[in-house]
Amino acid sequence: MIALNILSLLGNILVCLSVYRNSSLRTTTNLYIIALAVTDLIAATLVMPPASGVLITGKWPFGETVCQIHAYFSLFVVYVSPVTMGLTALNRYIRICKSNQQYNLYFSKKKSRILLGSAWTFVALFILIPRLTGLQDFHFVPNYAACLNSHLSNFGKILHYIVVLVLFFVLPLAVTTFSYRNVLKKIREHNAETAQSLRANNNETVTSNEIRLSKSLFVVVFAFMLCWVPAWVITILTRLFFGNKMPRNVQLLCTFFLNTSNAINPFIYAGMNPMFRTEFRKVLGCKFGVRVESSSSQQSSNSQPDRFANRSRLPINRNLSRMVGTLESRSTAIKVVEAGAMIALLKYCVAFRQHLSLSVGLQT
């Protein structure tokens with residue numbers, strides 16, 4: 001848990017710093033990436049550290065006030081992350097599959113800020129109002145190693161989870177599935193035909209950068225769903241059907257899945273998005289291995305005219321050169337970070353297994 005917390009904190013700070021430093025990354029689509037990074041940072045600073053403390057001490061050692069804050073932000077992260085993912089997928093669908101005019105109509109920077117702000121405000125009030133009106137309470141749940149909400153009536157609990165499932169799981173999942181199904185279809189057309197075949201209604205072409213960004217975001221969403229679907233299934237089965245009969249080891253998997261999702265997103269950005277990868281190197285202080293720079297690209301074009309001429313003439317050579325350039329651009333710092341991430345995850349899995357074998361009963 002501690003390893004995942006550190007990875008999530010450092011990785012998402014890198015994402016935010018990259019966008020802050022590089023104005024070319026401040027695009028409309030990257031607003032949604034920043035929103036996801038901020039959500040993960042909330043989890044890394046307010047949700048994951050207390051959970052780590054619980055697993056270490058075997059109890060809730062932080063007091064009632066911290067428990068209330070922890071419960072609120074735990075629920076906020078769980079609810080707002082799928083909503084943001086759904087909006088991100090919808091953004092990609094409109095950008096890739098529709099015209100520029102339609103995209104600017106629905107997803108200008110101003111409208112995107114309003115959309116994200118409205119979604120986050122709705123989620124915040126959805127959690128806060130039932131707590132303030134006494135319909136719900138927040139308390140420590142040992143089996144999740146976290147403070148969460150409790151319901152004062154069985155009918156209220158059933159109604160609550162119906163609304164939560166529809167708004168914060170089923171609907172975002174449906175939007176995401178529909179959007180990326182169409183995006184992937186368009187990407188296959190892009191790979192099979194010339195760039196002119198992707199001209200939209202007003203004869204404006206979707207760029208290769210948009211295609212690469214869509215692919216990386218698809219991987220983010222796939223990894224997100226891979227972590228969150230099992231967590232939601234376990235939660236619903238526990239809360240509505242099995243209750244305390246659900247083994248604690250299984251319930252703790254929810255915490256592991258959700259924290260893993262928060263930690264892996266920045267590494268997906270670095271691995272699949274060349275612009276983020278380059279900016280990560282700059283933030284980490286790496287002065288070598290940068291693939292695209294204005295001065296270096298000019299020198300390279302002057303010193304190797306035949307190579308770039310062959311790229312423009314032969315699509316196969318161009319793709320091969322792009323692949324080679326991508327491999328060469330992986331600097332030592334990124335390799336060290338990735339190796340550290342894998343080692344940390346392995347250590348966490350070993351520690352998590354040892355902790356489960358102890359079967360320490362937590363008391364409220």
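Analyst: Helices α3 and α5 pack at an angle of about 145°, and their axes are 10 Å apart. Axes here are lines fitted to C-alpha atoms over the stretch in contact, with angles running from 0 to 180 degrees between N-to-C directions. Helices are DSSP runs (H or I, at least four residues), numbered from the N terminus. This is a predicted model, where local features need pLDDT of at least 70 and side-chain atom pairs count only at pLDDT 80 or more, while totals for chains, interfaces and linings use all residues. Residues are numbered from 1 along each chain as its sequence is written, and side-chain values use heavy atoms, leaving out hydrogens and water.

Now look at who meets whom. Contact means heavy atoms within 4.5 Å. From α3 come Q68, Y72, L75, F76, Y79, V80, V83, T84 and L87, and among their partners on α5 are W120, V123, A124 and I127. By class, this contact has 16 nonpolar, 2 polar and 1 charged residues.

Pick out F76 next: beyond residues up to four places away in sequence, F76 touches I42, W120, V123, A124 and I127. F76 also belongs to the largest nonpolar core, a group of 62 residues, and is one of those touching the most other members, along with Y79, W120, V123, I127, F168 and W232. Such a core is a set of buried Ala, Val, Leu, Ile, Met, Phe, Trp, Tyr and Cys residues joined through side-chain atoms within 4.5 Å, where buried means under 20% relative accessible area with a 1.4 Å probe, protein chains only.

Definitions and conventions:
Buried < 20%, exposed > 50% of the residue type's maximum accessible area, 1.4 Å probe, protein only. Helix = DSSP H or I, 4+ residues; strand = E, 2+ residues; numbered from the N terminus. Nonpolar A, V, L, I, M, F, W, Y, C, P; charged D, E, K, R; others polar.
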